[in-house]
Amino acid sequence: MYEFEYHHPGSVENAAKLLSTLPEAKLLAGGHTLLPTMKQRLAAPKHIVDMRSIRELHGIHVKDGHLVIGAMTTHSHVAESALVNSHLPSLAALAAGIGDPHVRRRGTIGGSVANNDPAADYPSAVLALNATIVTNQREIKADAFFTGMFETALKEGEIITHFVFPTGIKGAYAKFPNPASRYAMVGVFVARHGADVRVAVTGAGANGVFRANALEAALKGDFSPKALDGKGVSADDLNTDMHADAAYRAHLITVMAKRAVTAAQ
Amino acid sequence: MSATGIGASVKRKEDFRFITGRGNYTDDVNRYGQTHAYFLRSPHAHATIDGIDYAEALKMPGVVAIFTGKDLADDKIGGLICGWSITSKDGSPMKAGAHPALAQGKVRYVGDHVAVIIADTYAQARTAAEHVNVKYGVLPANADTASAMKSAPLHDVASDNRVYDWHLGDKGATEAAFAKAKHITKLDIVNNRLVPNPMEPRAAVGEYEQGTETFCLHTTSQNPHVARLVLSAFIGIAPEHKLRVIAPDVGGGFGSKIFIYAEETVCVWASKKVGRPVKWTSDRTEAFLSDAHGRDHVTHAELAMDANNKIIGLRVHTTANLGAYLSTFSSAVPTYLYAPLLSGQYNIPAIYAEVDGVYTNTAPVDAYRGAGRPEATFVIERLVEVAARELGVDPAVFRQGNYVTQFPHQTPVIFCYDGGDYNASMLKALEMADYKGISARKAASAAKGKLRGIGFSSYIEACGIAPSAAVGSLGAGVGLWESAEVRVNPVGTVEVLTGSHSHGQGHETTFAQLVSGRLGIPIENVSIVHGDTDKVQMGMGTYGSRSGAVGMSAISKALDKIEAKAKKVAGYVLEAAEGDIEFKDGKFTVKGTDKSVDFGSVALQAYVAHKFSGQDLEPGLKEGAFYDPTNFTFPAGVHICEVEIDPDTGVTKIERWTAVDDFGVIINPMIVEGQVHGGIAQGIGQALLEGAIYDKDGQLLTASFMDYAMPRADDLPSYNVGMTETRCPSNPLGIKGCGEAGCIAAPPAVINAITDALGHENIAMPATPQAVWRAAQQTMKKLAAE
Ligand SMILES: Cc1cc2nc3c(=O)[nH]c(=O)nc-3n(C[C@H](O)[C@H](O)[C@H](O)COP(=O)(O)OP(=O)(O)OC[C@H]3O[C@@H](n4cnc5c(N)ncnc54)[C@H](O)[C@@H]3O)c2cc1C
């Protein structure tokens, strides 16, 4: 780690001001991605803007039938929240399966979604549940947010403040963990929005999280695991690495999708 | 049995300090004025060094000094050594290239040491390192042995990168056996490369005291005396009486901390150069890159059977990847610690093994928990399992029909098995594993669309490698005895100084149990001192499950002397003839009378010396002993693994694990069971999860826990552990050793179970979900066709 200056503003407004005035400043949420890269000297921000003491970014509430989750809310809070468990149990279950207890007590939903790691769990939920990402500048629909591996629609200095999730959706997440890192090697989130079905796949895509159109179409007519027989995602746009090649990932996508549909019944 | 003596499950005395964070590890050692070292490592797997420019780095804030291989050479500091000389088939000695602590002109693996930057803080040293300009001439690199043998040499001495081509056994007799065989089973086997990953990474603090001209090195070592010997006699840091080596609490080693590495050598040498203590602590990436790795064999093996399903011959060819340099005991691991084990528990009249040791552009490979025996066990236990399947014989029955049953048993490959009852372990394991119920369990799994399989491993291993004269004749540079000193204090408390070293094994408890039981004193009154060359005179350290069989035997021998001397003192105290004194339960009694005196009082009398004259008896009560065993010890047992495979995902779940081991006499059943658990976990890790992968350019792809899969609790089953016991005839305590058995037994048990479930043999380690899924596709096709 190189030396850096530490800031802990009390409001989003002040945080935004620091980001726009300080050179090479970076937001710090749970630090579970940023700090390891700094320790390895892969990232070297001159200024760290810690959002921990910004109260408006923490917490979970229900508004107009929507679940609102602050960007600084930790995975364990989401997993254990009574509100999330009653309104969107699939999201609570996903959060409970991220990393280990240490990671869940520090890592945040805002950090995870902003980082858009291609193997992270949350992006699949945001996409399948059709959440809205709210920043200090605007509202961004999930379909427009994830633009590539580690890339999002966020602009320089833009801060995610909270997420708005529709509620009452039948859905489930099925994760096949990477045996080493336990991130998703393939993770499939299936969500039934009335007549519509959204299926988001993480861990597998060469460009990060994506929607599996063929699976969505099959499930729209018949929301059952059988509907996915013979259906799948082409291996062409999937990742090959030392843990799994594209063909195996393609196969797992269908298997995990079926398991998610079963769990969502 | 006393409540704290041999056989009691005494809770570990050392654990309170470990689990409350009060241990004292090398990284906890901080010295006034200390500097920090950062090692600049090669980013290339193979390159010439055409220049190192560190003028700018030297001017960076906090930088104290920068050294390269030239500085070591100028100071006449020798290279690291390999302490076991192997002789090739043609009688020529192995071709060992130089192994400088800091590279001289060439780097040979990613992580090789190019320069050391010493600064006031670690961050300053690391930042300065970014300003050292090294000009590399990149050379082609090879990470695997097959391509290395066809490529330009890493070291000029080994033209085809072959360090040795060694053999063992009778080739003619083996060929003859194969010529008359009724059935031959053939297997190609890769034993995957592993990274040891002890919880505590390596560390060193070197200090030099100008007044007394003495060095002190704190280091994460399993054998501080061997480290001192090598650093003194071979590397030339300082004569032994001017060099103190301390290995304080050490957080696991698994073999990787036996060896003498570049970093501690440089830290202790540099402490005199810079006139300040020099400290280095490895980070996890450095540990992946530079700790000696384990295994990495490519083997072709064949087993010959006669018409009665008796094994009549075994031939094996193994190519062992030794890495870029020969680490301290690397040469012996795939030779003398491997081929003699190939006979397994079986009566095999003819065996012939050939081993090529090969240099590659990878981290050095050396002993890792089991060291050679897991590789050998994997070969023989896979072969017998496959042979049984091919012959249509139950694998348990096939093994039973070939077990050695008469002892001593001389194998054709050096070892003389001194005792055991292999079938007793097999029968007990079959019972515990409910082998009879396996068909029903397989059917139940099939009904759920799952594949169930069962696999055996009927392993033998060799511990407490000895006697010294024998290992010397095989090329070892050291003797493999152990020392002990028992110091009885005037109040009857006891300190035991041992040359063994505990880095997780629990010696502070088990060794104290021996003393407590033997002298009849409370276990709290015994402390175990180890890991400091200024306290313990000499020792050979801990590896190869030798501390019980060899280390405790030395203590036992010293206790014999203590008892003899104490009886003399008691004779004076009780005014009786020495021969009339009996010692039992901590009390000296005059035979046939009620006159007695306790151990503590005798200790006091030994020191006040009021009851005898110094002419008749020396005051004091302190005795030392060296113990050199008469033979290796041969723990053996049967492990049975039962798996269930999900053919949809390829996930293998271990449903049952049965372990029945014969470790001879057991000092502490709880600790032994813990050793078995940990060993099996490591073995399952090798079979299902772990594997170090280098790409074709010699970059280590699995250089962090993000990509190198360590076994976690939820990867592992609940173990069903049982014991059988035959006393070891080759040491006074009857101990065989238990530290490595689990990781020796486990890998073939897992793979035999998976291949049983799949109905075919082509699966390599680690059997990852992807690999198992691919293999299961063939199985499902076949089942569908049936
Ligand atoms: C051992 C380990 C295991 C893990 N396992 C998993 C796993 O199984 N599944 C999984 O999904 N994840 C896993 N993670 C990642 C973890 O869950 C965190 O979600 C992730 O590290 C990012 O969240 P954070 O709060 O730590 O963000 P930080 O590390 O603090 O920040 C990450 C990035 O996002 C930016 N950022 C943070 N918050 C905002 C915001 N509100 N607005 C704009 N930009 C922002 C930061 O500037 C930084 O660039 C693991 C992490 C570790 C260390």
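Predicted model: local features only at pLDDT ≥ 70, side-chain atom pairs only at ≥ 80, totals over all residues.
**Group meeting: three places in chain B**

Let me start with a pair of strands: strand E23 (residues 587-590) of chain B and E24(B) pair in the antiparallel sense over three bridges, where two strands count as paired if DSSP finds at least two bridges between them. Helices (H or I, at least four residues) and strands (E, at least two) are DSSP runs, numbered from the N terminus. Within this pairing, Phe588(B) has Val597(B) in E24(B) as its bridge partner.

Residues are numbered from 1 along each chain as its sequence is written, chains are lettered from A and ligands numbered from 1 in the order in which they are written, and side-chain values use heavy atoms, with hydrogens and water left out.

The sheet of chain B is open and has three strands in the order E22-E23-E24, with antiparallel pairing. E22 (581-584) and E24 (596-598) of chain B stand at the edges with a single partner strand each, so one side of each has no neighbour in the sheet. From one strand to the next, the twist averages 20 degrees.

Which helices lie across E22, E23 and E24 of chain B? One is H16(B) (residues 547-574), which runs at about 125 degrees to E22(B), and another is H17(B) (residues 599-608), at about 80 degrees to E24(B). Such angles run from 0 to 180 degrees between N-to-C directions, with axes being lines fitted to C-alpha atoms, for helices over the stretch in contact; contact means heavy atoms within 4.5 Å.

Turning to a helix pair, H11 (residues 395-402) and H12 (residues 422-432) of chain B pack at an angle of about 165 degrees, with their axes 10 Å apart. H11(B) and H12(B) are therefore roughly antiparallel, a term used for angles over 145 degrees. From H11(B), Ala396(B), Arg399(B) and Gln400(B) meet Asn423(B), Met426(B), Leu427(B) and Leu430(B) of H12(B).

Leaving aside neighbours within four places in sequence, the contacts of Val10(B) include Thr509(B), Ile523(B) and Met670(B).

Terms used. Parallel < 35°, antiparallel > 145°, perpendicular 65-115°, else oblique.
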